[in-house]
Amino acid sequence: MRLTSDDASSAETIRLIEQSAGRIATVSVARMDEQLSWFRALPADQRSWVALVAQAGVASFVEWLRSPDEVLRLTGEVFAAAPRAMARMVTLQQTVELVRVTIAVAEEQIPQLLGASEDAARLELLRFSREIAFAAARVYARAAESRGAWDTRLEALLIDGLVRDSASELSPASQIAALGWRSTGPVTAVVGPAPDRPVDEVLADARKIANQLSLDVLAGVLGGRLVMVLGSVTDPLLVATDMLEAFGDGPVVVGPLVADVNDASAVTRSALSGLAAAPAWPGAPRPVAADSLLPERALNGDVDARIALIDSIYKPLVEGGDVLVETVATFLANGAALESTARALFVHTNTVRYRLRRASEVCGESPTDPRGAFIIALALALGRLGAPVV
């Protein structure tokens with residue numbers, strides 16, 4: 001024991017500190033409540049954890065005075081008094097504040113307990129507090145390593161579940177929240193080829209960019225594809241453009257904006273469907289919206305895309321009247337030639353122009369635009385078949 005060469009005096013000092021352990025812990029917790037606003041806001045159970053740690057700290061100091069060579073075990077036992085969940089609820093910085101308050105209280109109490117041994121006891125307390133700080137750092141480092149490994153596995157499972165549409169099995173909303181997801185607003189998904197680099201590096205770069213954009217992100221690499229679910233999004237295409245550097249060469253597809261993470265599976269599958277169909281449109285922009293690839297997706301067997309084309313193109317045209325549908329169909333059948341269409345319908349070319357403009361207003365696609373004509377022609381075919389299911 002390092003306090004003094006007088007064994008009887010040393011034993012008495014330890015006994016006095018031991019008898020005051022409960023009081024020091026109680027005063028420490030009261031001081032925390034007085035000085036630390038975040039501590040006052042903690043739930044009762046978490047405050048009780050802190051009290052246990054304070055009591056264990058004083059008790060370990062006493063044991064340390066008796067057995068100074070057992071530094072690692074004794075300081076480690078201080079934090080063993082609290083459940084592991086405390087490392088998630090109370091940050092390392094806050095833990096340092098707790099230790100500082102407890103040590104300050106102990107230093108105030110020592111003069112009231114000791115006489116000639118006061119200076120020596122304070123020196124031992126200083127050395128012990130240093131070891132406590134190292135012990136706290138070790139606890140949080142282990143927690144970070146453990147959480148990092150768990151979060152990586154959970155994130156991979158969630159991405160796989162969203163792709164396979166097994167969201168109901170995985171309860172993604174609650175598990176995404178466990179990964180630190182803060183957003184309660186709109187969500188989208190961006191997918192594309194993963195760069196030819198180690199997966200850890202690819203995901204780290206993707207998260208870095210998303211964090212710089214103040215977006216929540218859930219990311220994974222599946223079959224060479226980088227899949228990202230992004231929260232706090234207002235403009236999907238703009239966000240996808242900002243995320244392009246995270247992807248390798250090739251098409252990048254962004255899904256539509258959905259209300260929240262409850263629809264994350266649907267939007268992810270929509271984006272992946274677009275990525276699979278993207279090669280059919282060599283001139284597609286990069287990034288491209290999954291909804292802009294509806295015809296290619298429909299041709300590739302996407303039932304949702306077929307239904308969307310019928311609902312957004314075919315049905316509005318039919319509801320616009322038989323004349324509108326006939327005019328558009330005739331225009332497309334005649335190679336988008338106004339004069340030929342007018343002759344086939346026995347009307348003036350201006351009438352054809354008017355009806356085509358009306359068709360554009362009704363369905364959102366222009367029959368006079370090559371891309372629009374392709375979309376309308378496919379929608380009409382699907383609607384006439386009346387069978388969106390493969």
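A residue is called buried when its relative accessible area is under 20%, exposed when it is over 50%, and partly exposed in between, using a 1.4 Å probe and protein chains only. By that rule F39, at a relative accessible area of 0%, is buried, and 46% of the 390 residues of the protein count as buried. The structure is a predicted model, in which local features need pLDDT of at least 70 and side-chain atom pairs count only at pLDDT 80 or more, while totals for chains, interfaces and linings use all residues. Residues are numbered from 1 along each chain as its sequence is written, and side-chain values use heavy atoms, with hydrogens and water left out.

**Overall architecture**

- The protein contains 19 helices and 5 strands; these are DSSP runs numbered from the N terminus, with helices being H or I of at least four residues and strands being E of at least two.
- Of the contacts between residues at least 6 apart in sequence, 67% join residues at least 24 apart, where a contact means heavy atoms within 4.5 Å.

**Aromatic rings**

- A search of the whole structure finds 1 aromatic pair.
- The pair is edge-to-face because the rings of W38 and F39 have their centres 6.2 Å apart and their planes at 90 degrees.
- Rings of Phe, Tyr and Trp (its six-membered ring) pair if their centres lie within 6.5 Å, and planes under 30 degrees apart count as stacked, over 60 as edge-to-face and the rest as tilted.
- W38 is buried, with a relative accessible area of 18%.
- R371 lies over the face of W281, at 3.6 Å from the ring centre; such a placement requires NZ of Lys or CZ of Arg within 6 Å of the ring centre and within 35 degrees of the ring normal.

**Backbone features in loops**

- R286 and P287 are joined by a cis peptide bond, with omega about 5 degrees, and P287 lies in the loop between α13 (264-277) and β5 (288-289).
- S214, in the loop between α11 (199-212) and β2 (216-222), has phi near 60 degrees, a positive value in a residue other than glycine; S214 counts as exposed at 53% relative accessibility.
- S232, in the loop between β3 (225-231) and α12 (236-242), has a positive phi near 65 degrees and is partly exposed, with a relative accessible area of 36%.
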